[in-house]
Amino acid sequence: MFPATSILTLLLLTLSITGSPIEIRNSPITLPIAGRLNFSNDTVNLLHYDKARAAALRNPSTRGHARRTTPALHRDVIYTTAVAIGSPPTTYNLLVDTGSSNTWLAASTKYVVTETSVNTHQPVVVVSPPGIFFGNEYLDTVILGSGVTITKQSIGVANTSSDFPTGVDGVLGIGPVGLTEGTLPQLSTTTIPTVTDNLYKQGAISQDIVSAFFQPSNPQTETQGHLTFGGTNATMYTGSIAYTPITTTQPASSFWGIDGSITYDSMTILSSTAGIFQTGTSFILIATDALAKYQSATGAVLDEKTGFLTVSSAQYSALKNLDFHIGTETYSLTPNAQIWPRSLNSKISGASDVIYLIVNDIGTHSGIGLDFVCGFTFLQRFYSVFDTANSRIGLAKTSFTNATTN
């Protein structure tokens, strides 16, 4: 099993820039991810927040900013990075989110106007279920690490925001640029270049790419992974990276979405359809009909108290791989990767001797254009690459793909 601090450390993971990133111009910029324990949030609602966010992401009845911008504000895994803004700079802890693309500061944090701040006098509206942000747009200098500088980056400065996590000053959105459309109501068809886009356009990196590596938390080491702008880091994965195009199916195509199918022990539980990868989601959510097949095949029983599926020790011993078929590759979640760390059962109000599965219901049947969400429990097992320039996503195995420590 993971040690008690392993996943718990990731329940509120703070990305702090603790070392000097690689800052050779036009070369990838790799920032170390460091973690800390935080017990302030009530984790019994983890699954509730995942499902609420998935509902917002896939809702076809909304338009503009209401549909396109859904920063993950309530979840067990929160990634923040120290970002300096202005000259002289002020440092803010911004949530790193692949499900949104605006960079903005919450109302709880005072934005310091400096000589590089330019008020565009454009209102900004970002809907972030269950919260909402209203503010004004500024253009300002942004500094990553110890000196990688972006000039005239759009920053939303809130005058009103709600339901924001303690200790998080705002959002650093690294989703597709199209997610920013509609967030400037007076320029409703205008998109706003993301931080990654501007790093590329201003020559700081040679490729419009951001990639991520996560590892099980270890209290003996400060670094818990890496976020790389401008390319990939070959030391973080094994084998080769396989790429697949962004799906053309809405609404998944608005996000980091791909086409794929899911099998369990060679039985198809979800035929080829569209889904997304999300750092802002903790668990793996699949269509209701797919979950019913998965539950039947595993013999799992729903625990009403927690909302998780459970299996007995004998059923766990008999679990097979849950396979995601994406492009020409198959990405297997081993039996151990399908369960919640047993040492952390109390954090989901679970019993210490029960085995809980991390696969759950997205809330709708398949066929709506977003039928699965691969959250952190998936991304922890694979290296991920978000390639804007080529409209594709890459995945590769890591040393943790087949870890058996849950």
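Modeller: Two strands pair if DSSP finds at least two bridges between them. This is a predicted model, in which local features need pLDDT of at least 70 and side-chain atom pairs count only at pLDDT 80 or more, while totals for chains, interfaces and linings use all residues. Residues are numbered from 1 along each chain as its sequence is written, and side-chain values use heavy atoms, with hydrogens and water left out.

Biologist: Which residue in β19 is the bridge partner of T310?

Modeller: Strands are DSSP runs of E, at least two residues, numbered from the N terminus. Strand β16 (residues 309-311) runs antiparallel to β19, and two bridges join them. Within β19, T310 has as its bridge partner Y356.

Biologist: Which are the edge strands of the open sheet?

Modeller: The open sheet has three strands in the order β15-β16-β19, with antiparallel pairing. An edge strand pairs on one side only, and this applies to β15 (301-302) and β19 (355-356).

Biologist: With which side chain does the side chain of D361 make a polar contact?

Modeller: D361, in strand β20 (residues 359-361), is buried yet has no salt bridge, as the nearest side chain of opposite charge, K51, is 5.2 Å away. A salt bridge requires a side-chain nitrogen of Lys or Arg within 4 Å of a carboxyl oxygen of Asp or Glu. A polar atom of the D361 side chain does lie 2.9 Å from the backbone nitrogen of G363. The polar contact (N or O atoms within 3.5 Å, one able to donate a hydrogen and the other to accept it) spans 2.8 Å and is with T288.

Biologist: Is V385 buried or exposed?

Modeller: V385 lies in strand β22 (residues 382-387). Its C-alpha atom is 8.2 Å from that of G231, 154 residues apart along the chain. Because its relative accessibility is 0%, V385 counts as buried.

Methods:
Helices (H or I, at least four residues) and strands (E, at least two) are DSSP runs, numbered from the N terminus. Buried means under 20% relative accessible area, exposed over 50%, partly exposed in between (1.4 Å probe, protein chains only). Lys and Arg count as positive and Asp and Glu as negative; His and the chain ends are not counted.
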